[in-house]
Amino acid sequence: SSSGSTSSASSAPTCSSANVESFQLSVDEVCENVHSPTKLLLSAIGYVFDGYASDNGDTTYVTSCGEERVSYESCQTFIKAFEELYSARNESIYPYPNPMRPDPQTPVDTSSGTVLFPTKYTFQQNVYGIAHVALPDPSTAIASDSRIFVIGSQNCLSCSTSDCSQASCNDNYASQQFSYDPTTYQIRQSSPSGYCLTNQAGSVNIIMSGCSSASLYQKWRYNPLTYELSTFQDPTKCMTSNGVYVFCDGSLDMQFRVPSNWLPDISTNVLHSIRLGNTDTCFDFENDLLSLMACNDGASQQFVFDASTRQIKQGGYCLDTEDPDPSAPGLFADIAFMNPDCQQNLVSQMWIYDETAQTLKSFSGDNCLTAENSQAVFQSCTVSSLQYSQQFIIPFQWKPAISSASSVDLVLTRENGLNYCMDASEAANSDFTMMPWTVYMQECDPTQQSIHQYWVYNSTSRLVMNGQYCLDATVQTSNGTVFNNTVYMNTCDSTSPSQQWYYEAHTNHLRHLSFTSTLTSGDLRSVADGCPTLTTMAACMNSQDGRNSTYELSDGSNKSFNGQPCRWCCGNECDTNNNKCEPEGWLLTGASGGPQDGYESYGGVSMNGIGDGYCPDDSQAESNYLSNCLAYNSASDALEMQPCQADNDDQQFLVPLTWIPTSYLDKMRSAYDASQCMDSSFSNNNNVLMGSCQEGSPGQVFEYNPRTLAIEQSDLCLDYNKENRNVYLNNCEPSDPAQQWYYDYSNMVLYNNGDADWCLNWSPGNDDNQNNLYLSQGCGIGQLNAQWFIPSTWMPEIMDTTPQGRPYQFQLDGYYSRPIPTGIWNGQWGNATEEQCPIGVIQEVLDVCDASMSLLLGDITSLGELTEIAKLVVNNGTENMPGSCCLDNPADSEWFGYYYATSVTYDGNPMVCQNHGPWHLGMSEEACSNAGGSWF
């Protein structure tokens, strides 16, 4: 608990001696005071009052969970009261929606789905070096009653029978007055009547044409997360502000605000239907039959994804699969159907979505949901012409939960074989003196998850923890023995890069920040029959030649094969012997002091298992030795580190939803020293240099723009000086190649389009350049100062030199948010796990809830105050808000150079606030201060 004051939020005292001042409450007092002005931490209630001890007093890692817990019930109250508070705001002054909504236009539902918990604000620096909350232009958040607002230009869509274009908004223009018909999905023009917004058949033009209720070219849907308008005819394309219909690319001229009274009807199909690829065909469940029919947005096509149980539901039915009917010859596919018997933890009813392939799989196997003759069946996943029938567009609200590991099992799950989980049973069942312990992949066992398969990710230290031990990729024992390939459980060390893990969502790879290899020739296994017998990269690079025979050198002496590291030729034939793996000395210097015949002509590239050589980015499915990833060894069931391969199923893992997005890299780090991050210095001519990574530092937050290929910060773009190659931030010029960057994922090199083969470089410790970044040539393997760990959200777009669409990010502008499935408190989670809920996860969710309350309401504003203020504002008006907040800074305030302050006047006139920021900042001075605002 914090201060025991019962005064209001605006005058309550702060705790002067943190962790010292305290008082005890009885059970009844806790229940009574959780909704009073007394601020109580939900995590403390959960730990002390709800109780985590087992019935017999033994150590336990699991407990019951659900809404019966006071702490969880209180967290639900926070969500509901905060939504109620936002419902009463004046949208003309406070246009920003509730930041807890996954869909900005749809109220938060605490009974199903996902809730966003903002835990901190995202700040950016403007050109004057002033940090401010990175909120979008407030004018883009205001919706009209009849006009379609163009976000990029702040104009309005204006249409006639000949064309559509953007023009200055004017209530008197009939060409800008529209209405939406939810029964026909048409956007109609008010005058003249009888005309609908139309994508002309066989054309890219958008015009007003005579309404036809059967025309798919006149049926529109709106995505409230990306702000795009598409027709039922081709949902892969979007309308632009210039009245053309082209492939969606996320650009600003495709982003619109539609009238608020059109919602949620115009988004219903996007919110709840499962659509087959780029067709007008949707899943339909009617008369106990699941089929594929023309999309109609009827109740039979509305489905819900339960993030807690991973079930796709409609009413009391769950999407399921069944074995083929043996009496029906030629039927080789499982049938998908809606099962009235919903069973939690039944793998055939648990679903996962592959965002890259756009495929739906169940946990019961590796087959994909497939459309066949208007029926949903299961077939082998394929990249052939059948793949089109396996591509589905799912409701955006289901992401990222449906693409994450099971939020019930809360374990790391291997994607190829979804019933295998990372298991630390050896660590749990062994004497600590026998450590380190190998980590294996075992069949998922929900009843044992708390001991063996329950993993926690610490976003601050980047440690992956099971109990009191941590996942380690490079372990050294007390006698100096180095364990190289195999992954172990070890004593936690937050300073060890080999224990600092991060997740790449686009590849499903888990990697660590340790870049250098500890392998030596003594760690390689000896192959008695010699390297040429090896045909796979993993086998070759983990081996050395064990033959005792010799070969003759150019000087007449003999050289033994024995002990030479095997050299992998990147999947090519190494020489004229047609082998893909050869002993190193023989291959490179064994023929008259030079390489063997054919080595140069076959590519001349190879690498061994101790860090020598490399494979280029166009070979081995974008892999090289130094770019290591966590992998599953199917022969031993153990986890190990292997060269990263984008198409290797054994390297693809799914992480718990509670890890997202905190397990992503959020800063650009050097491979030479991962504790150093790219930073900006506005006080030094916008220079860009390296500095110690610091949480919350706005100078270290860069964004990648896939539309322009630019790396941006504060409306400036990463550029370089053409004379001295120094890298700095400059005014953005989208057409300038010097501001266009792309990442060689295989070699971890960041190239610049302005000069071929020039890349970003850092010379650490060089006093002359003061940690500057600059461009250099000769980038590649072995040059750690030119190799980089880049933010996960930049991928995979930054790996392509062609401008791409906007990547999907599950967070609102201005906030870092944690998505939490609501089943953890509404009872669904407990039912799914037989009340075996991991204590660590319960504590983490409550910690997130506390952090979100402190950010949005202030440290001393209680849940009781929030609920009372929400009621007052709703019932008696917005003047009952405790105060107001202004986010103006000296660069954008009414009077340039001055922070907003009520005490500042000019000719007797006070300053007028230009940006009030989000509505909740008026809850308390602390809430306003969290966002860098001025309270009044």
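In the predicted model, 16 aromatic pairs are counted. One of these joins Phe-82 and Tyr-86, whose ring centres lie 5.3 Å apart with the planes at 50 degrees, so the pair is classed as tilted. The two residues are four places apart in helix H3, which spans residues 70–87, and are therefore separated by about one helical turn. In an α-helix there are 3.6 residues a turn, so residues three or four places apart point the same way. Phe-82 and Tyr-86 are both buried, and together with Phe-78 they form one aromatic cluster.

Helix H3 itself is mostly covered, with 14 of its 18 residues buried.

The charged end of Arg-275 sits over the ring of Phe-232, at 5.5 Å from the ring centre. In another case, Lys-722 is placed over the face of Tyr-720, and the distance to the ring centre is 4.9 Å.

At the level of the whole chain, 13 helices and 67 strands are present. Of the 936 residues, 54% are buried. The accessible surface amounts to about 37600 Å², and carbon and sulfur atoms account for 45% of this area. When contacts between residues at least 6 apart in sequence are considered, 57% join residues at least 24 apart.

Asn-373 is located in the loop between strand E26 (367–372) and strand E27 (375–380). Its relative accessibility is 75%, and Asn-373 therefore counts as exposed, the cut-off being over 50%. Although Asn-373 and Leu-292 are 81 residues apart in sequence, their C-alpha atoms are 8.5 Å apart in space.

Gln-739, by contrast, counts as buried because its relative accessibility is 2%, which is under the 20% cut-off. This residue lies in the loop that connects strand E56 (727–731) and strand E57 (741–744). The side chain of Gln-739 makes a polar contact of 3.1 Å with the side chain of Asp-719. A polar atom of the Gln-739 side chain also lies 2.9 Å from the backbone oxygen of Asn-731. Beyond its neighbours within four places in sequence, Gln-739 is in contact with residues including Leu-709, Ala-710, Ile-711, Cys-717, Leu-718, Cys-732 and Asn-752.

Most residues other than glycine have a negative phi, and most peptide bonds are trans. Leu-709, which is not a glycine, has a positive phi of about 65 degrees. It is situated in the loop between strand E53 (703–705) and strand E54 (710–713), and at 3% relative accessibility Leu-709 counts as buried. Arg-725 likewise has a positive phi, near 65 degrees, and is found in the loop between strand E55 (716–720) and E56. A cis peptide bond, with omega near 0 degrees, links Ser-191 to Pro-192. Pro-192 belongs to the loop between strand E9 (186–189) and strand E10 (195–199).

Key. Residues numbered from 1 in each chain as written. Predicted model: local features only at pLDDT ≥ 70, side-chain atom pairs only at ≥ 80, totals over all residues. Heavy atoms only, no water. Buried < 20%, exposed > 50% of the residue type's maximum accessible area, 1.4 Å probe, protein only. Contact = heavy atoms within 4.5 Å. Areas by Shrake-Rupley, 256 points an atom, 1.4 Å probe, with all protein chains shown as cover. Polar contact = N/O pair within 3.5 Å; in protein donor to acceptor, adjacent residues only side chain to side chain. Phe/Tyr/Trp six-rings, centres within 6.5 Å; stacked < 30°, edge-to-face > 60°. Lys NZ or Arg CZ within 6 Å of the ring centre and 35° of its normal.
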